[in-house]
Amino acid sequence: MKNLILLLTILLISGRAFSQEKEWDIVTGLGLPDCLHIGVNKSMNKKSTLGGSIGYFPDYSNIFQLTAEHQLKLKYSKKFPDMPTWYFAQRLTYMYEDNLDYVWHNIYLTPSMGKHFNFNDRFGLNVDLGVVMVLMEKTYAKLECYDEIIPFLPSLRIQFFYRI
């Protein structure tokens, strides 16, 4: 957790040093496969955003995920003209799980459609729906246990953002 706070602090300070505009978003939320996560997004131009997050699942097992994301902004708000309202997102997620039965390494691709609900010019809520596609799965069984692979799952993410 200390490393996560240090990483976010470095990203925010470097973002402030290189940009005078409100182009960085701090995000936090809950989703599948994003788990409970925190991250940052950077507006690259009027149509594109890059971001990343780190998350975990508060459960009995050890679950950890890293996600890289690209958003293509499709429509902008009339009330807040610098804030997008609709987007198409592509996320690549690495997930690690270690429980009593197995160690599991997965890589997911998650295309999704989403909507920004802008409460003001800095704060809002993102909601997106998509499909989780398994690109790679490696399972190392500690005991004799075999799981059936499901290649597609629905994806839902709810995320708060604060623009700095």
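Author: Read along the sequence, the chain follows the pattern α-β-β-β-β-β-β-β-β, that is, 1 helix and 8 strands. Helices (H or I, at least four residues) and strands (E, at least two) are DSSP runs, numbered from the N terminus. This is a predicted model, in which local features need pLDDT of at least 70 and side-chain atom pairs count only at pLDDT 80 or more, while totals for chains, interfaces and linings use all residues. Residues are numbered from 1 along each chain as its sequence is written, and side-chain values use heavy atoms, with hydrogens and water left out.

Reader: How is a pair of aromatic rings described?

Author: A pair is described by the distance of the centres and the angle of the planes. Rings of Phe, Tyr and Trp (its six-membered ring) pair if their centres lie within 6.5 Å; planes under 30 degrees apart count as stacked, over 60 as edge-to-face and the rest as tilted. The structure holds 3 aromatic pairs. Tyr102 and Trp104 are edge-to-face, because their ring centres are 6.0 Å apart and their planes stand at 80°.

Reader: Which arrangement do the rings of Phe123 and Phe160 have?

Author: Their centres are 6.1 Å apart and their planes at 5°, so the pair is stacked. Phe123 belongs to strand β7 (residues 123–141) and Phe160 to strand β8 (residues 152–163), so the pair ties together parts that are 37 residues apart in sequence. Phe119, Phe123 and Phe160 form one aromatic cluster.

Reader: Is Tyr102 buried or exposed?

Author: Tyr102 is buried (under 20% relative accessible area; exposed is over 50%, partly exposed in between, with a 1.4 Å probe and protein chains only), at 11% relative accessibility. Phe123, at 33%, is partly exposed.
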